[in-house]
Amino acid sequence: MKIGELLRRRVISSATSPFGHAEYPLANSLDHRGDPGLFGPGAVSWRVLGDVSAFIGGIRALFVQAAHPEVVAGVADHSFYRQDPLGRLSRTSAYVTATTYGAMPEVSHAVATVRRAHLRVRGTSHRGIDYTADDPGFSAWVHNALTDSFLVAYQTFGPDSLTPAEADRFVREQAAIGRLLDADPLPLSAEELTAWVTEHPQLGESPGMRETVDFVVAPPLEGVGLRSGYRIMQAAAVASLPERLCGVLGVAPKLGAVPAGRALIASLRWALGASPSWELALIRSGGAVPPGIFRQPVRADSVGSTGRPT
């Protein structure tokens, strides 16, 4: 085996291992041949979420979500992220994968799973405001923070830039996921989304925020390479935050964080290619598979009763 290929395989193993602590949500996706899911092959969402810049987007979303005291209280009071951080990361990743690339039965299953989990998440924040995870406004904060972060990460660290029309289309596509969880409001343009997140009136410091930020800055990851790569992505995520959110969260961008993030993401793109879940969704839905962008094999356990993809 050539040295370059050996290195690529090591990078793949290191980069994907934190997400392997939950069942792959598209394991039987080929049982639903012809099902385009929520979006279909021409979706901007498939392109944005299929790029490795989404790693930075996911980290950025955790920072943004922590700026809302009631939302972060729900996480602090009811989540087991401290005891099982990689499990929570994997489950969140599985939800994003299922709703973005899944056939409609897989989308419905992912949404139903989240709805059941939300039933027990209720309480009172440190400032005396009651919260429930299924509150439309709180759901909107979680959803919109995620959408905005994936968009910003792609525009900053992606292989190209979306046009304004494509960025708006991405926001509208992602709003379809938010509606499945009754999130409200759901901005329908990139400009409106960024303004809604940045200027949100309910943001502020909280005990849960400080704890979450400390955790996101330095999670318990194994392996020197994985920790080093994460530090670069975490710093890049912070550097992409608007000034107001940095002030609320008590974080500050580091000089050179964006160029370092771009260099790392370019290396990961070389090693990992585009998401194999994107390729699987194209195969299932009958879309054309772009040449040269997929480097990993379609997951072996994604073979449904129709047989292995060719």
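Tutor: Let's start with a definition: a helix axis here is a line fitted to C-alpha atoms over the stretch in contact, and the angle between two axes runs from 0 to 180 degrees between N-to-C directions. Keep in mind that this is a predicted model.

Student: Happy to. At what angle do helix α11 and helix α13 pack?

Tutor: Helix α11 (residues 224–239) and helix α13 (residues 257–272) pack at about 130°, and their axes are 8 Å apart.

Student: Why is α11 called oblique to α13?

Tutor: Roughly perpendicular ends at 115 degrees and roughly antiparallel needs over 145. The angle of about 130° falls between those limits, so α11 is oblique to α13. The crossing is also left-handed.

Student: Which residues make that contact?

Tutor: From α11 come Gly229, Ile232, Met233, Ala235, Ala236 and Ala239, and α13 brings Ala257, Val258, Ala260, Gly261, Leu264, Ile265 and Leu268. By class, that gives 11 nonpolar, two polar and no charged residues.

Student: On to single residues. How do you know whether Ser206 is buried or exposed?

Tutor: Its relative accessibility is 9%, and buried means under 20%, so Ser206 counts as buried. Ser206 sits in the loop between α9 (190–198) and α10 (207–217). Leaving aside neighbours within four places in sequence, Ser206 is in contact with Pro69, Val72 and His126.

Student: What lies 3.1 Å from a polar side-chain atom of Ser206?

Tutor: The backbone nitrogen of Met209 does. The cut-off for a polar contact is 3.5 Å, and 3.1 Å is within it.

Student: Why does Ala281 count as buried?

Tutor: Ala281 has 0% relative accessibility, which is under the 20% limit, so Ala281 counts as buried. Ala281 lies in helix α14 (residues 276–285), and it touches Trp46 and Tyr101, not counting residues up to four places away in sequence.

Student: How many residues separate Ala281 from Leu26 in sequence?

Tutor: They are 255 residues apart in sequence, with 8.9 Å between their C-alpha atoms in space.

Conventions: Residues are numbered from 1 along each chain as its sequence is written. This is a predicted model: local features need pLDDT of at least 70, side-chain atom pairs count only at pLDDT 80 or more; totals for chains, interfaces and linings use all residues. Side-chain values use heavy atoms; hydrogens and water are left out. Helices (H or I, at least four residues) and strands (E, at least two) are DSSP runs, numbered from the N terminus. Buried means under 20% relative accessible area, exposed over 50%, partly exposed in between (1.4 Å probe, protein chains only). A polar contact is a pair of N or O atoms within 3.5 Å; within protein, one must be able to donate a hydrogen and the other to accept it, and residues adjacent in sequence count only if both atoms are side-chain atoms. Contact means heavy atoms within 4.5 Å. Angles under 35 degrees count as roughly parallel, over 145 as roughly antiparallel, 65 to 115 as roughly perpendicular and the rest as oblique. A crossing is left-handed if the near helix is turned anticlockwise from the far one by less than a right angle, and right-handed if clockwise. Ala, Val, Leu, Ile, Met, Phe, Trp, Tyr, Cys and Pro count as nonpolar, Asp, Glu, Lys and Arg as charged, and the others, Gly among them, as polar.
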